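Please open the model in a viewer and keep the selection panel at hand. The stops below go from the overall fold to individual residues.

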Amino acid sequence: MILAAAGLMLGVASAATPPVQVNYRVYQYACTGGQNVSVYYVQFGDQPMFAVLDWKGQKYGLAQAISASGARYASLNGPAGARGGLQWWEHQGTAELSTFTGNSTTTTKTLLTGCKTPAR
């Protein structure tokens, strides 16, 4: 009887929980020096969660990270030959791609600057 009641309660709880909507938008960025990067921003519901960068023929998944302003995404994996992961930071319509250096995620080396979408 207890198992039947628990099963009924679980069924009601799961039926009442709406499915999470997954959304994404894609932006093409043109950066200083003529390099381009495509970025897929993925959201669960209305919460941004991660970005997928397509740069130099490789795709990199970056999770949303803490920032004082703008949208910052980071990963501990980066391009071959780089010592650290990647950081994509977009603020007020301009983005920058960096790699982490040393043993810290606060010290970076800039890879791309002045990245903007054509509409901006």
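Two strands are counted as a pair if DSSP finds at least two bridges between them. With that rule in mind, display the whole chain of this predicted model as a cartoon. Eight strands make up an open sheet, ordered S1-S2-S3-S4-S5-S6-S7-S8, with antiparallel pairing. Strand S1 (22-30) and S8 lie at the edges; each has a single partner strand, so one side of each is left without a neighbour in the sheet. On average, neighbouring strands of this sheet are turned by 25° against each other, direction ignored.

Remain with the whole chain for a moment. It contains 1 helix and 8 strands, and from the N terminus on the elements follow the pattern α-β-β-β-β-β-β-β-β. Of its 120 residues, 27% are buried. A surface display covers about 7,900 Å² of accessible area, and carbon and sulfur atoms account for 58% of this.

Now show the side chains of Lys59 and Asp54. They form a salt bridge, in which the closest N and O atoms are 3.2 Å apart; the whole structure holds 1 salt bridge.

Centre the view on Val37. Leaving aside residues up to four places away in sequence, Val37 touches several residues, among them Tyr29, Leu53, Trp88 and Leu112. Asp54, the salt-bridge partner of Lys59, is also touched by Val37.

The last stop is Ser98, located in strand S7 (residues 94-100). Which residues does Ser98 touch, not counting those up to four places away in sequence? They are Gly85, Leu86, Gln87, Thr108, Lys109, Thr110 and Leu111. Ser98 counts as buried because its relative accessibility is 0%, and the cut-off for buried is under 20%.

Key: Residues are numbered from 1 along each chain as its sequence is written. This is a predicted model: local features need pLDDT of at least 70, side-chain atom pairs count only at pLDDT 80 or more; totals for chains, interfaces and linings use all residues. Side-chain values use heavy atoms; hydrogens and water are left out. Helices (H or I, at least four residues) and strands (E, at least two) are DSSP runs, numbered from the N terminus. Buried means under 20% relative accessible area, exposed over 50%, partly exposed in between (1.4 Å probe, protein chains only). Contact means heavy atoms within 4.5 Å. A salt bridge is a side-chain nitrogen of Lys or Arg within 4 Å of a carboxyl oxygen of Asp or Glu. Axes are lines fitted to C-alpha atoms, for helices over the stretch in contact, and angles run from 0 to 180 degrees between N-to-C directions. Accessible areas come from the Shrake-Rupley method with a 1.4 Å probe; for residues, only the protein chains shown count as cover.
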